[in-house]
Amino acid sequence: MRPLDTIRFGLGSLGSNRVRTALMLLAMSIGVAAVVLLTGIGNGARLYIVDQFASLGTNLVIVIPGRAETANNTPATLIGETPRDLTLEDAAAVMRSELVERVAPLNIGELNAVRQGRERQVPVLGSSASFLAIHHLKLALGSFLPEEDWDIARPVCVLGSKVSQELFGREPAIGELIRLGGYRCRVIGILASEGRSLGFDTQEMVMVPVAFAQMLYNTSGLFRILVEGKDLESLERLKKHIKATIAKRHYGEEDVTIITQDSILATFDKILRSLTLTVAGIAAISLVVAGILIMNVMLMSVAQRTAEIGLCKALGGTRRQIMAMLVSEALLLSVIGGILGLLLGFAGSWGIAQVYPELTTTPPLWAVAAAMATALGTGLIFSLLPAGRAARLDPIRALARR
Amino acid sequence: MIELSDICRTFTVGGQEVRAMDHVSLTIGAGEYLSIMGPSGSGKSTLLNIIGLLDTPNSGTYLLDGRDVTSLADEQLAATRSRKIGFIFQFFHLIPRLSAAQNIELPLMLAGVPLRQRRQRSAVLIDSFGLGNRRHHRPDELSGGQRQRVAIARAVINQPAVLLADEPTGNLDRSSGAEIIDLLEGLNRAGQTLVIVTHDPEIGERARRRVRVVDGRLASDSGG
């Protein structure tokens, strides 16, 4: 029997029982659509989150004072000596490298902001002009912290939009004075109301020059130093450079921890990838269920078509041919159902993309391939039993019935 | 051409052994017209099934065209059936979803003959069997006589060595039954070996050679 004839015969047989065929196609296509759609959504969520992180700057290196590992029993930890503070001079030293694009020192604390009897406790961030670019923040009004030497403690501040609202209401805030922890300072800008940064709602914080913050908190240390590398490739070299530079300044002691945005991103990426796989696996179960349905319906169909199968044997069909005929019928179902499912899945992901435009729900190529392969595989495996039963059919008994 | 010698076939029905064929020997030559008659349950269908290679005997030998076909494997059995045997059944056994032409071409399709050749060979038969305008009709659009003619065309399209008909008129009215017998006898006159199983004496008597089967044995044989 020629392959083309086998396909034509199978299609004819499928076409002769429309309801049965439609039901099996439905089961198959729902399975494939589920795989495509769920992996699409999972992958879309992963890309979305990765993208959100990337907008914070993947080139970002964060320097934190103190070593993260406690197992390292240096004499310093034995006698309970705290690590040396990070200072503005450390930050300035780090900046002197061709690998560095921007550096922003950072100090964080909480202070009372007072204006004409209105009082409110707010997080106050001390940093420099480059903080704006590093964290992709935007200004709504006025200007950001001035670009000048970090050790000038100029008493100015930039307010988050919500803080400005609460202290000034609808009155103009730019140029007005507020009191921060007992010091007066002038409002020079207001941040645009969007985004979070370092876990702070930018709407609810106040930014001041780093030296002013050090004065407010009465410290010479820094909470951390934010370093933006020139590019992603040189990030490892940058880390080494920072470590060496600070160690040199801290009498050979490596007493800082360096984390990269990149490593956090990689962890998230890994978690979301495995979640997507899990969801795809669950969807694949529905494909197997579809396969079992195909098996049941085919067993019924073999029982109904006993005479036809017996006839084919009497007319010179071999067992193998009978097997091939029925298996290819199931495979045809899988292919058609799979293609319908792909269309359904892509239509669904398109629909979701219309409702959530920020989510790219296009399923990855491997998911499409895996869904089709599972559909074909279940079609093949679950048709073997009914096809085998048909092939062993006794033609005399099959033809004796009318 | 067909040489059955000492054929036995037993079935187990409800734990009891039933002898359907009891040491049957029968030789059928090329071009013969033979009828097998007998009461129902006598074993005439079993004999036909053994000749048609649908059933294998428990003992004895079967030579078809000089070749021992008693114990062939499935593949070879199917191939031999395809080339040497044509079946005609009481209930026609046409595939309902296929047209008359497609039903006739079924043995060629199973044998892997290309579509164009199949079309040519079925067209010749359709015309000579008077089914010209019924080519694309499905079985349920054909009369009983037309259905059986389609079935006969299907049986002879592979030019088999022997044509086996099991009650070919059993499901037809008198006049279309007579037409079918005429058609079969016409084929026989053209050299086709023909074996008809029937319990209708009127049809059985027409054959040149008549074999009677009773209780799995040959009770009488008019010639050969």
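**Notes on the two-chain model**

1. In chain B, strand E1 (residues 2-13) is joined to E2(B) by nine bridges, and the two strands run antiparallel. Within this pairing, B:Ile7 lies opposite B:Val24 of E2(B). Please keep in mind throughout that the model is predicted, and that side-chain atom pairs count only at pLDDT 80 or more.

2. As background, strands of a sheet pair through backbone hydrogen bonds, either parallel or antiparallel.

3. Turning to chain A, the secondary structure comprises 13 helices and twelve strands. The domain assignment gives domain 1 as 3-53 + 266-400 and domain 2 as 84-254, and the centres of these two domains of chain A, taken over C-alpha atoms, are separated by 58 Å.

4. The overall dimensions of chain A deserve a comment alongside that assignment. The C-alpha trace spans about 105 × 55 × 35 Å along its principal axes, and the radius of gyration is 34 Å, whereas a compact globule of 402 residues would have one near 21 Å. Of the 402 residues in chain A, 41% are buried. Among contacts between residues at least 6 apart in sequence, 83% join residues at least 24 apart.

5. Strand E2 (100-115) of chain A takes part in several pairings. With strand E3 (residues 118-127) of chain A, E2(A) forms nine bridges in the antiparallel sense, and A:Leu111 is found opposite A:Val122 of E3(A). These two strands make a hairpin with two residues between them, where A:Gln116 in the turn has a positive phi of about 45°. E2(A) also pairs antiparallel with E11(A) over six bridges, A:Pro105 having A:Ile225 as its bridge partner there. A further antiparallel pairing, over two bridges, links E2(A) to strand E6 (residues 177-180) of chain A, with A:Leu180 as the bridge partner of A:Ala113.

6. Which residues of helix H4 (residues 88-95) of chain A are buried? They are A:Leu88, A:Asp90, A:Ala91 and A:Val94. Viewed down the axis of H4(A), these buried residues fall within an arc of 160°, so they line one face of the helix. They pack against strand E2 (100-115), strand E11 (224-229), helix H7 (210-217) and helix H8 (235-249) of chain A.

7. At the interface, 20 residues of chain A are in contact with 22 residues of chain B. Helix H1 (3-16), helix H10 (306-314), helix H11 (319-355) and helix H13 (395-400) of chain A each supply at least two residues of the side that touches chain B, and the largest share, five residues, comes from H10(A). By residue class, this side of chain A divides into nine nonpolar, six polar and five charged residues.

8. Eight of its nine residues are buried, so H10(A) is largely enclosed by the rest of the structure. The buried residues include the charged pair A:Glu308 and A:Lys313, together with A:Ile309, A:Leu311 and A:Cys312, among others. Just after H10(A), A:Gly316 adopts a positive phi of about 105°.

Definitions and conventions
Residues are numbered from 1 along each chain as its sequence is written. Chains are lettered from A and ligands numbered from 1 in the order in which they are written. This is a predicted model: local features need pLDDT of at least 70, side-chain atom pairs count only at pLDDT 80 or more; totals for chains, interfaces and linings use all residues. Two residues are in contact if their C-beta atoms, placed from the backbone, lie within 7 Å. Helices (H or I, at least four residues) and strands (E, at least two) are DSSP runs, numbered from the N terminus. A residue is buried if 20 or more other C-beta atoms lie within 10 Å of its own, exposed if 12 or fewer, and partly exposed in between; C-beta atoms are placed from the backbone. The radius of gyration is taken over C-alpha atoms; the globule rule is 2.2 Å times the number of residues to the power 0.38. Domain bounds come from an automatic or database domain assignment. The arc is that of the directions from the helix axis to the C-beta atoms. Two strands pair if DSSP finds at least two bridges between them.
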